[in-house]
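These are my notebook entries on a single model. I set down what I looked up, topic by topic.

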Amino acid sequence: MEKQTEEDVEEKEYIVFPEEVIDYLPKEIRDEFLAQKEAGVAVLEAVDAEMKNIHRLANAFPAVASLRYVYNRLSTAKFEATMEAALEHDMLTSVFAITYARLIDGGLGSGVSRSAIPANLREAHDYLIVVRNKRFAHHAGHQSLSARLEIELENGEFDIKLGFNMGFHVGGANEWKDLVEFIEKLMSDRLDKQLERLREKTGRVWRFPNGPPPSWA
């Protein structure tokens, strides 16, 4: 999909009014509106399958934006040898892994099969799915997180000490950036294909809101 700059985006003014207003318009204007409505409804009915596909894609777009935002936060997070820094990385990694898995699984979105992932990124893909399932979504004994319990006996009294090991990628794994960019391009390409199908079936121009990425992206 061709990206537009701010200068390329034309400002357009739209006036929205309820359909009931049509009944109060002069006959010639009312007939014109009704004719346009009937023509538009006929076109939409003819491309119902394509519109459903676009709706599924639209459900995935918020998660794509979240994935980009969380990755940017994670990749720029400052790390220090403190519990706060470790927990900050753990929090951002958990959100990133969960958001990624939600996009891959699909649900109301479009979903992404493992075979669609580039071969060089599948190991990183597998890691995120497993760490989401075994560490962040469930306590299922993922190797990156383990606890240890120490019991000391002194003067007839027991002291319980709890420790744990928590592994994570500082700033995120290097491959995660490529995964984010791949997902963004994949969803954009899918949208382009649907718009092209709409153009071919209707002979009309179909546009989707598009412009420069926000500063955080």
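I call a residue buried under 20% relative accessible area, exposed over 50% and partly exposed in between, with a 1.4 Å probe and protein chains only. By that rule I noted tyrosine 71 as buried, and phenylalanine 96 likewise.

Entry 1, basis. I am reading a predicted model, in which local features need pLDDT of at least 70 and side-chain atom pairs count only at pLDDT 80 or more, while totals for chains, interfaces and linings use all residues. Residues are numbered from 1 along each chain as its sequence is written, and side-chain values use heavy atoms, with hydrogens and water left out.

I took pLDDT as the predictor's confidence in each residue, from 0 to 100. The protein averages 84, and 86% of the residues score at least 70. Where pLDDT is low, the predicted coordinates should not be read in detail.

I took helices (H or I, at least four residues) and strands (E, at least two) as DSSP runs, numbered from the N terminus. The protein has five helices and two strands. Their order from the N terminus is α-α-α-α-β-β-α. I noted that 28% of the 217 residues count as buried. Of the contacts with a separation of 6 or more, 65% are between residues 24 or more positions apart.

Entry 4, aromatic residues. I asked how many aromatic pairs a search of the whole structure finds. The search gives four. Rings of Phe, Tyr and Trp (its six-membered ring) pair if their centres lie within 6.5 Å; planes under 30 degrees apart count as stacked, over 60 as edge-to-face and the rest as tilted. Tyrosine 71 and phenylalanine 96 make a tilted pair, with 6.0 Å centre to centre and 50° between the planes. Tyrosine 71 is in helix H2 (residues 48-75) and phenylalanine 96 in helix H3 (residues 83-105), so this pair ties together parts 25 residues apart in sequence. Phenylalanine 96 also pairs with tryptophan 176: the ring centres are 5.2 Å apart and the planes are at 20°, so I recorded the pair as stacked. Because phenylalanine 96 lies in helix H3 and tryptophan 176 in helix H5, the pair ties together parts that are 80 residues apart in sequence. Phenylalanine 96 counts as buried at 1% relative accessibility, and tryptophan 176 counts as buried at 1%. I logged Tyr71, Phe96, Tyr127 and Trp176 as one aromatic cluster.

My criterion was a side-chain nitrogen of Lys or Arg within 4 Å of a carboxyl oxygen of Asp or Glu. The count by this rule is 11.

- Aspartate 90 bridges to arginine 135, with the closest N and O atoms 2.4 Å apart. This pair links distant parts of the chain, aspartate 90 being in helix H3 and arginine 135 in helix H4 (residues 122-136), 45 residues apart. Aspartate 90 counts as buried at 19% relative accessibility, and arginine 135 counts as buried at 7%.
- Lysine 37 meets glutamate 19 at 2.3 Å, N to O. Lysine 37 is in helix H1 (residues 27-46) and glutamate 19 in the segment before H1, 18 residues apart. Lysine 37 counts as partly exposed at 37% relative accessibility, as does glutamate 19 at 46%.
- Aspartate 48 bridges to lysine 52, with the closest N and O atoms 3.2 Å apart. They are four residues apart in helix H2, so about one helical turn separates them. Aspartate 48 is partly exposed at 38%, and lysine 52 is partly exposed at 47%.

Accessible areas come from the Shrake-Rupley method with a 1.4 Å probe; for residues, only the protein chains shown count as cover. The protein exposes about 15000 Å², of which carbon and sulfur atoms supply 53%. I then asked which residues make the nonpolar surface patch. Patches are made of residues with over 30% relative accessible area and no salt bridge, joining like charges within 9 Å and nonpolar side chains (Val, Leu, Ile, Met, Phe, Trp, Tyr) within 5 Å. Leu149, Ile151, Leu153, Phe158, Ile160 and Leu162 make a nonpolar patch of about 740 Å². Strand S1 (145-154) and strand S2 (157-166) are the elements that give two or more residues to this patch. I checked isoleucine 151, which is placed in strand S1; isoleucine 151 counts as exposed at 54% relative accessibility.

Conventions:
Contact means heavy atoms within 4.5 Å.
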